[in-house]
Amino acid sequence: MRKSIKKIVLLLTASILAAGIAGCKNTDGGGSVKEDPGQSASATSAGQVTLTFLRAGTSQNVQQAYEELIAAYEKEHPNIKIEYEQIGFGEELNTKLNTMYASGMAPDLVRAPISTIAERASRGQYANLDSYIENWQEKDNIIPTAYEVAGYQGSRYGIGIDIGANFLFYRKDMFAEAGLDPEKAPENWDELLEYAEKLTVRDGDTVTRAGFAIPTSVGHVTFIPFARQNGAQLVDLEKDIPAFTDEKSVEALEYLSSYSKENLIIPYIFNKDDCPFDTGKAAIRYGDMYAYASLQAKEVDWLDQVGFAPGVGKEKISSFGGSQIMFISEESKHKEEAWEFMKYLFEDENVWKLIEGAGAAPVKLSLQDRYIEKYPEIGPAFLEALNYADGMPKVTWASQFEKAMDMAYEEVMYGKKDAKEALEDAYSWIMREIGNR
């Protein structure tokens, strides 16, 4: 409370100085006022300021966490109103951003995945935050990865507010029931398939419990890491073209399709339907801290039976590591106010609120020990998994790449094409798409 009162006093003092000593501000050389990055919203705005905030994602627990943070910020800053909106990932997000930027209605703040950086930064839509970050007292308390995931061509266009890493969740009680060691998770492709076969339960031909929960649609989050586990390149960054028709990519997709062909799964759409694991109808899944928070929110009575492991590998261990990043639009008329709100989100207690309420990662170094103490079972597995996580490639055609991965994956999982044909067709499609850039 004392800290909040002190902050308000400082902000009021800054406001008085700003109003009375306008000549002390920097100018751009032409007489116009140029605010220093990092000045407070109270000091740089007159009257009511409305910030628009677009967040990619539709999870209810994440929505609630952000809405609570926004409400608290608005209470502390009565001259700031934040209009919050959320949107689905992938094509839905891409279409929304295209429409908003094209119409001159760009959001002031965007929380979006790593896949958006190359396209939006190259178009001049995301603001370069280097000067803001350099003047930020907390800059050295942020984990380096949070800057790395938001970097593009040597500059920082955002800060990772959540660094994702998928790792294995498995049901120890189901393992024991199937005669498997409940303390030993599968470590490679052969073991994962073997375990899935032993753990699958059927009623006739209908799978009532899947051994391994993988989606049948929107499968890029599954295919991309398995291809990387097999040593596939997927994208040639030097040539700026896709590279997923090679033998290793084909082999990875063939391996995943075997779960469908052998009737080992319960079909579901990623990020739309409930994962069968979450409803007690699967023994193994790849999940992240958001998935764990969701299980906690649902108050499942078997949470203490869940074990965790870094994940499987072939040539190497790899998992999908989507990162959610805070950006400011270059078109924003309220960059200083937007930056103040970003700083607020990265205060220790607010990061912690996102950790507890939304399953976010501890992106502050000052929170690492507290995180392990809070999550002694899952915390170490998650932090280890961060070493193996890799997200979407930073290319301007990331949305097309994601769509191509989903197209090929779905065609194979539903038996419409074999892996080689599906990937070659997806390659032809994406080359036509990016050839028209």
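## A buried serine in a loop

Ser329 sits in the loop that runs between β17 (323-328) and α13 (335-345). Helices here are DSSP runs of H or I with at least four residues, strands are runs of E with at least two, and both are numbered from the N terminus. This is a predicted model, where local features need pLDDT of at least 70, side-chain atom pairs count only at pLDDT 80 or more, and totals for chains, interfaces and linings use all residues. Residues are numbered from 1 along each chain as its sequence is written, and side-chain values use heavy atoms, with hydrogens and water left out.

Is Ser329 buried or exposed? Ser329 counts as buried because its relative accessibility is 0%; buried means under 20% relative accessible area, with a 1.4 Å probe and protein chains only. Setting aside neighbours within four places in sequence, Ser329 has contacts (heavy atoms within 4.5 Å) with Tyr101, Ala106, Pro107, Asp108, Val110, Gln125, Ala127 and Lys335.

## The whole chain

The protein has 18 helices and 18 strands. Of its 437 residues, 52% count as buried. Looking at contacts with a separation of 6 or more, 74% of them come from residues 24 or more positions apart.

The average pLDDT (the predictor's confidence in each residue, from 0 to 100) is 88, and 89% of the residues score at least 70. Over residues 1-45, though, the pLDDT is below 50, and this stretch has 47 contacts in the model beyond near neighbours in sequence.

## Helix α14

Now for α14, which covers residues 348-358 and has Asn350, Val351, Trp352, Leu354, Ile355 and Ala358 among its residues, these being buried. What do the buried residues of α14 pack against? Their partners are α3 (60-76), β8, α12, α13 and α15 (368-374). After α14 comes Gly359, with a positive phi near 70°.

## One cavity

The structure holds one cavity of 30 Å³ or more. A cavity is a set of points, on a 1 Å grid over the protein atoms alone, where a 1.4 Å probe fits but cannot get out; lining residues have an atom within 4 Å of a point. The volume of the largest cavity is about 30 Å³, taken as the space filled by probe spheres set on the points, which are joined across faces, edges and corners.

Gly359 is one of the residues lining the largest cavity, and others include Asp162, Asp288, Tyr290 and Phe382. β8 (158-163) and α12 (289-298) each supply at least two lining residues.

Terms used:
1 Å grid on protein atoms, 1.4 Å probe; cavity = no way out; pocket = protein on both sides within 12 Å on 5 of 7 lines; lining within 4 Å. Buried < 20%, exposed > 50% of the residue type's maximum accessible area, 1.4 Å probe, protein only.
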